[in-house]
Amino acid sequence: ATVAGIFRWRSDRQQLLHEVAELIGVTYHYNRVHIYRWHEPGRALLREYPQRGPAGESHIQIEQAGLLGEVILRGEPIFIPDVQHSLPYSSEPATSHTRSRAILPIRFNQKVVGVLDLHSSQQVQHLRRELLGLQLLADQLGIAAQNASLYEQSVQARAAAEKADQL
């Protein structure tokens, strides 16, 4: 899959997230991809991808979110080429099987709407342009996910209108 192919019009949000995760794995060598949506009113991160996983990971309050929360609040990515030799980041609970990690803000309309959390069990080195590419990918994901959400809402509204029309 290519970036252009993935970001063509999509109505299925979960399929979009799955394809982005696959592309990142193949292109950037990350074997675990988590995608979180920022729920500002509840000050929490809600895991959107993968949907299944250990209990408690699907909803993280910002105060307990560690590096994920830092990326949400600062709006800047964090790249850790070697977690084992990075003292500030080695205490993160999600790093037991992680060697390299990249955490990028997902932005839409100049606002952080989520986080792309990438883990590799191997050490990964990136050129600056690759990190910029990952950020662009995260930003495109923000736009595409918003479009998919709006489409889902319009389908639901249409179904409700048709049901009301039948009454």
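In what order do the elements of the chain run from the N terminus on? I read α-α-β-β-β-α-β-β-β-α, which gives four helices and six strands. I note here that this is a predicted model.

Next, the chain overall. I found that buried residues make up 41% of the 167 residues. The accessible surface comes to about 9,800 Å², with 52% of it belonging to carbon and sulfur atoms. I also looked up contacts between residues at least 6 apart in sequence: 53% of these join residues at least 24 apart.

Then I turned to salt bridges, and the count came to seven. I wrote up three of them.

K111 and E40: their closest N and O atoms are 3.4 Å apart. K111 sits in strand β6 (residues 111-120) and E40 in the loop between β1 and β2, so this pair ties together parts 71 residues apart in sequence. I have K111 down as partly exposed at 47% relative accessible area, and E40 as partly exposed at 42%.

R74 and E70: the closest N and O atoms are 2.7 Å apart. Both residues belong to helix α3 (residues 66-74), four residues apart, or about one turn of the helix. E70 is partly exposed, at 30%.

D82 and R99: this salt bridge spans 2.8 Å, N to O. Both residues lie in the loop between β4 and β5, so the pair ties together parts 17 residues apart in sequence. Is D82 buried or exposed? I got 11% relative accessible area for D82, and under 20% counts as buried, so D82 is buried.

Terms used
Residues numbered from 1 in each chain as written. Predicted model: local features only at pLDDT ≥ 70, side-chain atom pairs only at ≥ 80, totals over all residues. Heavy atoms only, no water. Helix = DSSP H or I, 4+ residues; strand = E, 2+ residues; numbered from the N terminus. Buried < 20%, exposed > 50% of the residue type's maximum accessible area, 1.4 Å probe, protein only. Contact = heavy atoms within 4.5 Å. Areas by Shrake-Rupley, 256 points an atom, 1.4 Å probe, with all protein chains shown as cover. Salt bridge = Lys/Arg side-chain N within 4 Å of Asp/Glu carboxyl O.
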